[in-house]
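The entries follow in the order in which I looked things up.

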Amino acid sequence: MIEPSNVILISLVLFSIGMVGMITRKDAITLFLCIEIMLNAANVAFVGFSKSMGQLEGHVAVIAVIVVAATEAAVALSLAIKIQKEFGTLNVMDISKLRN
Amino acid sequence: MMAQLVFWMFAGMAILFTLMVVFLKNPLSSALSLVASFFCVSAIYVFMHATFLSVIQILVYTGAIMVLFLYCLMLLNLQEDQGIMKTHLSRLVFAGLLLFNFIYFPVVYFDFNKIQNQSVNAEFGGMAVIGDMLVKDHVILFEWLSVLLLLGIMAVVMLTYKNKEQHD
């Protein structure tokens, strides 16, 4: 049988991989990809717990998380394009050193 | 038995592709690995009887958000990253410690038998029931989400708007 506890475990592993990626990567776009990994892992946890409780509120929460991720993706990508135009690089280490 | 095999295959592939997102140097390869990971997670949703969400994950999350990502990746000319193993040692140690803590303590100290498995009827996770919930029980959340989307559109337009007098 496929237990929801297995799905929770998978969500835990995915979230920690996303977290490690976010700490170590220096590209702004790849940082944002790791944020998406973490949001996806939270979605998996919601779905697992929703099956475990037999209620559908978890699915509504997943829809809310997907909407928030979409909005955040649009805003973050437009910001990234503006930063690339302004600083010439997307390396988050260098952006903090460059002043006008 | 066969269902368990397929489930663990998809779970392993999701974890493998997520690891590839973090470890690959080329940002385009990372984005495409994330797309593959989302497909595998969508298959995991089907095993949890979340059929509507698995389709929404492919259509909206992969098909809209990640495609937007890939468009912007193609616009920005990104150099290859230097890889995860060449970052500063303190950062790697910190990440390793966090990884260990996040995996060790929940696995050892959380009693996974507390999570039951309830059998559900055929309508669980289907479109009718979720739509019903969205507009009856959680209508305020639904309306606030549409306001959030409107705010996102406004933010993007404000960030990228060019007057006719500005130069490129």
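The model is predicted, so I kept local features at pLDDT of at least 70 and side-chain atom pairs at pLDDT 80 or more, while totals for chains, interfaces and linings use all residues. Residues are numbered from 1 along each chain as its sequence is written, chains are lettered from A and ligands numbered from 1 in the order in which they are written, and side-chain values use heavy atoms, without hydrogens and water.

**Entry 1: B:Ala31.** I found B:Ala31 in helix 2 of chain B; helices are DSSP runs (H or I, at least four residues), numbered from the N terminus. B:Ala31 counts as buried because its relative accessible area is 0%. Contact here means heavy atoms within 4.5 Å. Leaving aside neighbours within four places in sequence, B:Ala31 touches B:Met66, B:Leu70 and B:Leu73, and also A:Leu33 from the other chain. I also noted that the C-alpha atoms of B:Ala31 and B:Val67 lie 9.3 Å apart, with the two residues 36 residues apart in sequence.

**Entry 2: the interface.** I counted 80 residues of chain B and 70 residues of chain A in the contact. The buried area is about 6800 Å², and carbon and sulfur atoms give 79% of it; this is the accessible area (1.4 Å probe) that the two parts lose on being put together, summed over both. B:Met48, B:Tyr61 and B:Phe69 supply 10% of the area that chain B buries against chain A, more than any other three residues.

I found zero salt bridges between the chains, a salt bridge being a side-chain nitrogen of Lys or Arg within 4 Å of a carboxyl oxygen of Asp or Glu.

**Entry 3: A:Thr71.** Which residues does A:Thr71 contact, leaving aside its neighbours within four places in sequence? They are B:Leu148, B:Leu149 and B:Gly152. A:Thr71 lies in helix 3 of chain A, residues 57-87, and is buried at 11% relative accessibility.

**Entry 4: A:Ser11.** I placed A:Ser11 in helix 1 of chain A, residues 4-24. A:Ser11 is buried, at a relative accessible area of 7%. Its contacts, neighbours within four places in sequence left aside, are A:Ala41, A:Val44 and A:Ala45.

Conventions:
Helix = DSSP H or I, 4+ residues; strand = E, 2+ residues; numbered from the N terminus. Buried < 20%, exposed > 50% of the residue type's maximum accessible area, 1.4 Å probe, protein only.
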